[in-house]
Amino acid sequence: MKEAITATNGDASIFFTDKADETANGITNRFLNHLEYSLIKDTNTVQEWDVFYALALSLRDRLIERWLRTQHEYRKRDVKKVYYLSMEYLIGRLLANSLINLDLYNESYYMLKEMGYAMESIAELEPDMGLGNGGLGRLAACFMESLATQAYPSYGYGIRYEFGIFQQKIVKGYQTEVPDHWRKDGCPWEIKRPQINYRVRFGGEVVQQQQNGDDVIYKWVNTADILAVAWDIPIPGYKVANVNNLRLWEATATDEFDFEYFNSGDYVKAVEQKNISENISKVLYPNDNMHLGKVLRLKQEYFFVSATLQDIIYNWKQDHDGFKNLSEKVAIQLNDTHPALAIPELMRILIDIERMDFDSAWGITKQVFSYTNHTVLPEALERWGINLFEELLPRHLMLIYQINDLIMKEVAERYPGDIMKMRKVSIIEEGLEKSVRMAQLCLHGSHTVNGVAELHTKILKEKVFADFEELYPGKIQNKTNGITPRLWLLTCNPLLASLITEHIGDAWTNNLKELRKLEGFLEDQEFKDSFYEIKNINKKALAKHIYRSTGIKVDAGHLFDVQIKRLHEYKRQLLNVMATIARYYAIKDNPDGDYIPRTVIFAGKAAPGYFLAKRIIKLINNLGDIVNKDPDIKDRLKVVFLPNYSVSLAEKIIPAADLSVQISTAGYEASGTGNMKFALNGALTIGTLDGANVEMAEEIGEENMFIFGLRSEEVTALKASGYDPRRYYEANPMLKRVVDSFINDAWCKDEPGIFAPIYKSLMEDGDTYLTMADFNAFLEASAEVDALYKDKDAWVKRAIINTARIGKFSSDRAIMEYARDIWNIQPLQLGFE
């Protein structure tokens, strides 16, 4: 039977058919064709990688057909679109999720089975796409999937990095970084568009020319140019015909090589410019501790937004005259400050190329952009030195000065004589080295600014950007983050997904609040037993993975205590390590005591230049080496660090977790989404009231979580009163014993003194993130965990409640709020016939 896609209003004048899927053998036919004609393989030469690649290409065929139809409908109907700009997309693997979203998993599973291949083994071959690092990129990936599932007209834009952040290897306990060459064997999902390319310029100078009397036009000349070439990745929605687009830019030279140098025999010099140009998209987040690293980082950011804005404007001009109604059809979302240069870049295009006056261009720009803030940490709010800006982007610096002059005049009129107010809201920061503050640029140049959790937004309004909240009342609003249930339950935990669907139907896959119906089964013993057994199956699978990747044997009967996230002091992996040391000491002191066996699992990467975070990784591994081999412990405590944390690794860990550790210092975590993923999969949370934990506690109930520690306002008050970590150290013998172990070399007999910097950070450098202050409360909460875990029925009930009440935290809900409150866009659902 033919499957055609038409718009929901019944306009079928233009349609397409999934040609190769006209029969039940459709996916098989495509698969075999790709093996033979795309990969040039026969039954004698085919390898498992070829099977993966051919299956992915077969799915891509289906996606391309739907993608073409989707883009045609968007253009024909001239719908308003959102353009999502993010330097990161932590997509992970696409095969399993695409099979599920296209409803082709079962058909493909049995096709491979008949050929002698296991779907699970084939899916494991796919490398994670190296397009992101942490929560920022994972959120962007969830949002792209939800935008497609809900049929919102949207495009994602980013950079096609040749190397990801890095592959993490653990060598003698230390993190070492090796290149993440994720594309070395090819990526079947991406489509090169060589005809879509734009010239991006750097350096040079700006010259003024008189035109028509008093009019002055500016020309940016003598620039060093590179080309941005488009690569597209189709993003399917779940069981909808819509397929949206993620466009990534690759940097290439404007000329492949200098023929003059080539002819003279200087072959290295001949390709030098090509190599320099391609460095821009070479690696995610170059080390910017040195000047050249800063130059490359700023070049990356401008390269990305310049190509993107040129693309948006080019497509706009195909169907529209003028720019007065640009904001009626175009919404541009800046995911953090990395794409902030899009604001002056649009101004440059409108003024210098389209010959618009400054005031009109500024008015349009402010109506088009919106900005998501992801941090309250001052060091994470980007600043760029004026000298570097002038060196690379002289015209943009002129425009930023002009924008800032306009704003300063407005502020001076509203707050006469208030120099401090002007300094706080100025885009230009004065100091030893003047700099451009990108967050301030976004706050002035956007019509809406949002935080990503209620507490985070409150801190933005009352502390970080209080002057902007006063200057632009109502501009800052909240949009709590969310996760896609299609990946974080349906794909990664199929057994639990099937159990849920069996009992409440499958509407939860598109409306996560349907999970509330699970509360009707809290007294259903068969359901509870099945829920518990699925968790055990997942724990056994993780135990096998742990053994394969680390050589450590763990018992699936242990409580799996999990903290997986980027290593940073404010996330307080150190607090978890210290509590684990205290548990170890307690068992050593009383080996005959009654202890709940616990496996403490860590995973996460530290930034290459972040010394203390890397030293904490070393501490975790050394602690594990000692604890795991200590005969006194008798397997009642294990410590595991899983290397090279990624989306695909998270998909293995999260379904197996009993306890989700979310213990950042209150007031420092913007939101977090790992907390949501764990709860969705039936893990209980031990955590502070920080980020989205606050709202999770409201939805799930504090009584179904283990909430501890200082609240945000208490953190502020304690610091203001003169926090003294030594007071806690002297008052708590166990805390003193744990902290002293860092300088008495208890965990590093062969490398004396290597953990002294950790001691120093706690005792001499002020314990910035109040680890000492929350230590005892964390131990008390952990004791509550042990007590509840002894009661299997009570634990399972709370686990089910966590899953049932997590519905608010779907990325579908978040996207609907963005669409309604910020972007003002409507879905265009394409239907099947």
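Asp319 is partly exposed because its relative accessibility is 41% (buried means under 20% relative accessible area, exposed over 50%, partly exposed in between, with a 1.4 Å probe and protein chains only). This is a predicted model, in which local features need pLDDT of at least 70 and side-chain atom pairs count only at pLDDT 80 or more, while totals for chains, interfaces and linings use all residues. Residues are numbered from 1 along each chain as its sequence is written, and side-chain values use heavy atoms, with hydrogens and water left out.

**Salt bridges**

- The structure holds 57 salt bridges (a side-chain nitrogen of Lys or Arg within 4 Å of a carboxyl oxygen of Asp or Glu).
- Asp319 pairs with Arg75, with 2.8 Å between the closest N and O atoms.
- Lys184 and Asp185 form a salt bridge at 3.1 Å, N to O; Lys184 is exposed at 58%, and Asp185 is partly exposed at 46%.
- Arg813 forms a salt bridge with Glu817, the closest N and O atoms being 3.2 Å apart.
- Arg813 and Glu817 are about one helical turn apart because they lie 4 residues from each other in helix H34 (residues 811-823).
- Arg813 is buried, with a relative accessible area of 12%.

**Nonpolar cores**

- The largest nonpolar core has 143 residues, and those with the most contacts inside it include Leu85, Trp249 and Phe389 (a core is a set of buried Ala, Val, Leu, Ile, Met, Phe, Trp, Tyr and Cys residues joined through side-chain atoms within 4.5 Å).
- Helix H10 (residues 291-319) supplies the largest share of this core, 11 residues.
- Another core, of 131 residues, lies apart from it and has Ile587, Ala613, Val627 and Met705 among its members.

**Sheet**

- An open sheet of 3 strands has the order S14-S16-S15, with antiparallel pairing (two strands pair if DSSP finds at least two bridges between them).
- Strands S14 (383-385) and S15 (428-429) are at the edges with a single partner strand each, so one side of each has no neighbour in the sheet.
- S15 pairs with S16 (residues 435-437) over 2 bridges, and Ile428 has Val436 in S16 as its bridge partner.
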